[in-house]
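Me: I'm new to this one and would like to learn how to read it. Can you walk me through a few features?

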Amino acid sequence: MLRKLLSFFIMLSIFNLLSSPVLAIEDVEVKGNSVVKAEFSTELNVNKASKGEVVQFKSIEDCSVNGLFIPQGTIFNGKIKAFKKGRWAYRRAKVRIVIDEIILPTGEKYTIKGTTKRHVLKGPAVGNIAKGIVTLPIAIVTGVTGAVVIIVETISIAGLIIVGPTSYLFGETMGKLTHGINYKRGEGDTIKLKIYSVKQ
């Protein structure tokens, strides 16, 4: 049993660290400096997110993208293109954000094409693995207990009446115990943006 649990944790670690993001977009080659150091101007909580939700960033240093000087304090407007909330079986929350507009401190607006430098932002793998180490044994015991209770209930007619609620209760408990880590960021948290094109 211990060997099986250890094997599971090793597989979980490899999966979290090496799995390729399913929401990634293709890389586009851009000449010049395309990376902008920025910070969140709005809060982001993927477990409460919605498609098309506006996410705003602000550059924290001067830079140049495709020949356009972008001063510190420039606003980058983005939208949530795709996301998945944290789910059972330790599946982390993940989100892809596209950036389509910048507003310079002077008020000038430019249409851009960009994304966050890491195309898919995800809940931390280390935190997810740590949660698995703590909660997996409890989840296994809960699952086995639930299965035994359900089997006992199905033996009698009275038990059959409450099998549904019992299954739901144990299922919800298992889901919460093995829920993947959320991705959350607050105002002022830093991030790098990757810009592919800029046009007025």
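Me: Let's start with a single residue. Where is the place of Tyr90?

Reply: Keep in mind that this is a predicted model. Tyr90 sits in the loop between β6 and β7. Ala89 is found in that loop too, with β6 covering 75-84 and β7 covering 94-103.

Me: What is the phi of Tyr90?

Reply: Phi of Tyr90 is near 60°, a positive value in a residue other than glycine. Ala89 isn't a glycine either, and its phi is positive at about 65°.

Me: Is Tyr90 buried or exposed?

Reply: Buried means under 20% relative accessible area. Tyr90 has 3%, so it counts as buried. Ala89 has 36% relative accessibility, so that one is partly exposed.

Me: Which strands does β6 pair with?

Reply: β6 and β7 pair in the antiparallel sense, over nine bridges. In that pairing, Lys79 stands opposite Val98 in β7. β6 is also joined to β3 by five bridges, and these two run antiparallel as well. There, Lys58 faces Ile75 in β6.

Me: And the core: how many residues does the largest nonpolar core have?

Reply: As a general idea, nonpolar side chains in soluble globular proteins tend to be buried together. Here the largest nonpolar core has 27 residues, and those with the most contacts inside it include Phe57, Phe76, Val95 and Ile97. Among the elements that give two or more residues to this core are β1 (35-40), β3 (54-59), β6 and β10 (190-199).

Me: Which strand gives the most to this core?

Reply: That's β7, with four residues.

Technical notes: Residues numbered from 1 in each chain as written. Predicted model: local features only at pLDDT ≥ 70, side-chain atom pairs only at ≥ 80, totals over all residues. Heavy atoms only, no water. Buried < 20%, exposed > 50% of the residue type's maximum accessible area, 1.4 Å probe, protein only. Core = buried A, V, L, I, M, F, W, Y, C linked by side-chain atoms within 4.5 Å. Pairing = 2+ DSSP bridges.
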